[in-house]
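Hi everyone, thanks for coming. Please take a look at the sequence and the 3D view on the screen, and then we'll walk through them together.

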Amino acid sequence: GQLGDGTTTQRTSPVPVGTGVASVAAGGFQSLAVKTGGDLYAWGWNSSGQLGDGTTTQRTSPVLVGTEFASVAAGTSHSLAVTMGGDLYAWGLNQDGQLTGGPSRYVFVPGSAPLNPTPDGFVYSPTVATYAAGVTAIPNVPTWSGPVAFFSVSPALPAGLLLDPVTGVISGTAAAPAPTASYAVTASGPTGSMTTLVLITVN
């Protein structure tokens, strides 16, 4: 769908995709275009969120992902754009630190298209966890919807237990017994955050 003609058909001759375009960029799996008025469109494969529309859904036709942009660039699985005011945005795969703004895997550009910029439905299962000191814990994996830039916890987890700042997974081996306590884990998105509580006991 990198051609943006609404199909996944290979073309050996040029096909029209749009009009009024000021600049374009092509990545390994995605294409982007800025129209003369500043509207930013993207299409193609979207497994790493490189289109910036707040999803990981493949688009075979251009989808609006932002307004008031001046130029775009694209890597294999990440994209960048500069606004008319000179602000730089980056989104897509970040496993090698291609993006700025913290230890995030995906960053979505804020745009005029309907995004979900704040994490929603953030929860752990179980929310009440009991661990044994010196025994490797079964990872507690959270679920949520919407983009998350990073995870944090307060207060610090019992010694030996770790919160992965990218995935939010709680894992590790507790070093010593710890009394039952409540820990607030926060999932932070581009424009907001959501906090959930986990009750942890180490025997």
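This is a predicted model: local features need pLDDT of at least 70, side-chain atom pairs count only at pLDDT 80 or more; totals for chains, interfaces and linings use all residues.

The protein has 203 residues, and 36% of them count as buried.

Four strands form an open sheet with mixed pairing, in the order S9-S15-S14-S11. Which strands stand at the edges? They are S9, residues 128-131, and S11, residues 150-154; each has a single partner strand, so one side of each is left without a neighbour in the sheet. On average, neighbouring strands here are turned by 30° against each other, ignoring direction.

Let's look at one pair in that sheet. S14 covers residues 178-188 and S15 covers residues 193-202, and the two pair in the antiparallel sense over 9 bridges. You can find Ala178 opposite Val202 in S15.

Last stop: Thr36. Find the loop between strand S2 (30-35) and strand S3 (40-44), and you'll see Thr36 there. Is Thr36 buried or exposed? Its relative accessible area is 62%, and over 50% counts as exposed, so Thr36 is exposed. Still, Thr36 has partners: beyond its neighbours within four places in sequence, it is in contact with Gly20, Val21 and Ala22. Ala22 is 14 residues away along the chain, yet the C-alpha atoms of Thr36 and Ala22 are separated by 5.0 Å.

Technical notes. Residues are numbered from 1 along each chain as its sequence is written. Side-chain values use heavy atoms; hydrogens and water are left out. Buried means under 20% relative accessible area, exposed over 50%, partly exposed in between (1.4 Å probe, protein chains only). Contact means heavy atoms within 4.5 Å. Two strands pair if DSSP finds at least two bridges between them. Axes are lines fitted to C-alpha atoms, for helices over the stretch in contact, and angles run from 0 to 180 degrees between N-to-C directions.
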